[in-house]
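User: I would like to go through this model by question and answer, starting with the ligand site.

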Amino acid sequence: MPRLPIYQQKERLVEAVRCNAFLVVTGETGSGKTTQLPQYLFQAGFWKGGKIGVTQPRRVAAITVAQRVSHEMGFTLGREVGYQVRFDDCTSKDTVIKYMTDGCMLREILADPGLTQYGVVILDEAHERSLNTDVLLGLMKKNHCRGGSHSRSSSLKVIVMSATLETEKLSAFFGRCPVFTIPGRTFPVSEQFCNLIGPKDIDGSGYVKEVVNMVLDVHTSETAGDILVFLTGQSEIERACDMLFKKAEAIDYRYDVRDRTVDGLLILPLYGSMPTDQQRQIFQPPPAGVRKCVVATNIAATSLTISGIRYVVDSGFVKQLAHNSRVGMDVLEIVPISKSEAEQRAGRAGRTSEGKCFRIYGREFWEKYMPDYMVPEIQRTSLTSVILTLKCLGVHDVIRFPYLDAPEERFILSALKQLYQFDAIDRRGHVTELGRQMVQFPLPLGLTRVLLRAAALGCEELMLPIAAMLSVENVFIRPGHPEKQKEAETKHREIASDAGKNNDFTMMLSVFEKCKSSESPSSWCRENWIHWRAVKSAFSVESQLSEILLRIKQQRDFSTEEFEGSQSELFRQCLCSGYFTNVARRSIGKSFCTMDGHGSTVHIHPSSALFGEESQLDWIIFHDVLVTSRMYVRTVCPIRYEWVKDLLPKLHEVDAYELSNVARE
Ligand code: ADP
Ligand code: MG
């Protein structure tokens, strides 16, 4: 393997870590920060002072990088080098280099605020500005400033790594700590604006087709070298791969590319919820004479480096979670990327030789619609879970917490309000017993509330599978072909009506139970258009959630209640305890009106078991919202007004300022 740029800096880097409590490390993507620095620190003996922990905003990155590093060091994954992501812990007592998601690190801090097991904490990919990494930055700063209150923190080394700029800002944040720059070695990338989409495509609908055409164009007209395509998410990537597959078949690839014959195009998708064995393929070189084409989400921009890439095709869009004020909740939206992200994407083409980047958008789109930098997640998404975590860590004044970029006060206030609605904090802004129980679950708070309510009523065996099914990738297959789609929908509805109750939550429960009791669950899934792999992960998630719940139930102040009524009522009333924030009432025709004060008009998504039965419904709760030209609610359950009557006033009861004023005492 050719030496990476970081190699020459080895001694100086180790020395810099030795001499400083805080260090910012920056360098081009692919220079070796993520995979090499932890190894250098290991070789220099830093593990003697505790584990070397490396956080990543993305779970795929944590897993693949751990695989790579354990391989480079000649260890078995999960022993000396391991990883931990939500619901998947691949570490052992021997683990000294631990890659993990930033969310997992936050949970570790909850269990052990002094991070006593760690000698070094590396917060990687800080430029991504993920919500959890931003909070970790603040916590690291705060704990050090407090000095001595956590005995270990004084000797804990904190390294922040970032692929891009903002290093001055990071350094200033940590009291002007040194910045270590790894000199890059990159090749020029020519950038072309192809102007295939324009401002009218701002809602981001037609770009998949254009991207596919661009790829075929590059493939037939450019010399040897692999292609990396940036798209938005799993469904768009799968659609593009299907289209490429079909169209590529029609082309005769037997033409000369310099001295190499390209027989075909090896098409490889890459997105977060893909199984890891499939992801590993991405890094392997293609067979001789074949051009590799990786169709990826933003994950390939800085978190993972794929070698051999000479061409980048950039859609110009990204899918990101953002608070939607029309709906009053976080929604995944497709938005134009920032100019700085576009530069990062282009840079992937120049790792090993000169490259080319084809942007399907034009200059006008670049100038008018692409911001210079993207808004950090902490300033655009719900802070509810994070604020609860901070409160549980004893950060009472969540407004004056040291944020690298502070969220708007109204976002903090609405998080406080929601915590109060869920009974996680009291009127004085203090965490309740329930709040302390809730924070232990790696789940959205509403769902956690449902689980704990179910446990109090003794029916957790109904809710644990549902919480698990909602935590894995979608289990219901929706084939692209219209006829097949009809067939799949019919099958899914049969499952629901077999259970005797037509709603999407029981449908999930039914799938879970059918697979559990089936002798051949994989063939049952195939017949019924269900992802067996997803259900299998749900099995594992269910047992992990069940362990957490068991631990909580064993604590002394866990109280239980009796319930009078049918099981269906019990089930749906439990759901109401966490989903009363997502209640809608039928208004005109097939539309519903939300009851959270926003009064938005929503429709039931076609994938729901209740789609088409709107006229028979009155009140419903829903799990989430999909915003396209319309607002669709997904995973729906009919309820009775009496069940939410006493809960709905909670949505308006408390003035958020009241909570925050106490917070500032
Ligand atoms: P950085 O964190 O600075 O972006 P990395 O440490 O992730 O860089 O990667 C350094 C180099 O290691 C990359 O340029 C790539 O060639 C190689 N590499 C990283 N991960 C893998 C992998 N899973 N398989 C093969 N090569 C890899
Ligand atoms: Mg990296």
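User: How many residues surround ligand 1, and which are the closest?

Analyst: This is a predicted model. The shell around ligand 1 counts 15 residues. The closest of them are Gly-30, Lys-33, Thr-34, Thr-35 and Phe-283.

User: Which helix gives the largest share of the shell around ligand 1?

Analyst: Two helices, helix 2 (33–43) and helix 3 (59–73), each supply at least two residues of that shell. By class, the shell has two nonpolar, eleven polar and two charged residues. The largest share is four residues, and these come from helix 2.

User: Which strands stand at the edges of the eight-stranded sheet?

Analyst: The sheet is open and mixed in pairing, with the strand order 4-3-5-2-6-7-1-8. Each edge strand has a single partner, so one side of each is left without a neighbour in the sheet. Neighbouring strands are turned by 20° against each other on average, direction ignored. The edge strands are strand 4 (88–90) and strand 8 (179–182).

User: How many bridges join strand 2 to strand 5?

Analyst: Strand 2 (residues 51–56) and strand 5 (residues 97–101) run parallel. Within this pair, Ile-52 stands opposite Ile-97. Helix 3 lies across both strands and strand 3 (81–85), running at about 170° to strand 3. The number of bridges between strand 2 and strand 5 is five.

User: Which residues touch the most other members of the largest nonpolar core?

Analyst: The core holds 182 residues. Leaving aside neighbours within four places in sequence, Val-229 is in contact with Val-211, Val-215, Cys-293, Val-294, Val-295, Ala-296 and Val-313. The residues that touch the most other members are Val-229 and Leu-451.

User: Trp-529 has a positive phi although it is not a glycine; is Trp-529 buried or exposed?

Analyst: Most residues other than glycine have a negative phi. Trp-529, with a phi of about 60°, lies in the loop between helix 20 (521–527) and helix 21 (532–553). The cut-off for burial is 20 or more other C-beta atoms within 10 Å. Trp-529 has 20, so it counts as buried.

User: Where is Thr-635 found?

Analyst: Thr-635 has a positive phi of about 55° although it is not a glycine. With 23 other C-beta atoms within 10 Å, Thr-635 is buried. Its place is in strand 23 (residues 631–639).

Note on methods:
Residues are numbered from 1 along each chain as its sequence is written. Chains are lettered from A and ligands numbered from 1 in the order in which they are written. This is a predicted model: local features need pLDDT of at least 70, side-chain atom pairs count only at pLDDT 80 or more; totals for chains, interfaces and linings use all residues. A residue is near a molecule or strand if its C-beta atom, placed from the backbone, lies within 6 Å of it. Ala, Val, Leu, Ile, Met, Phe, Trp, Tyr, Cys and Pro count as nonpolar, Asp, Glu, Lys and Arg as charged, and the others, Gly among them, as polar. Two strands pair if DSSP finds at least two bridges between them. Axes are lines fitted to C-alpha atoms, for helices over the stretch in contact, and angles run from 0 to 180 degrees between N-to-C directions. Two residues are in contact if their C-beta atoms, placed from the backbone, lie within 7 Å. A nonpolar core is a set of buried Ala, Val, Leu, Ile, Met, Phe, Trp, Tyr and Cys residues joined through C-beta atoms within 7 Å. A residue is buried if 20 or more other C-beta atoms lie within 10 Å of its own, exposed if 12 or fewer, and partly exposed in between; C-beta atoms are placed from the backbone.
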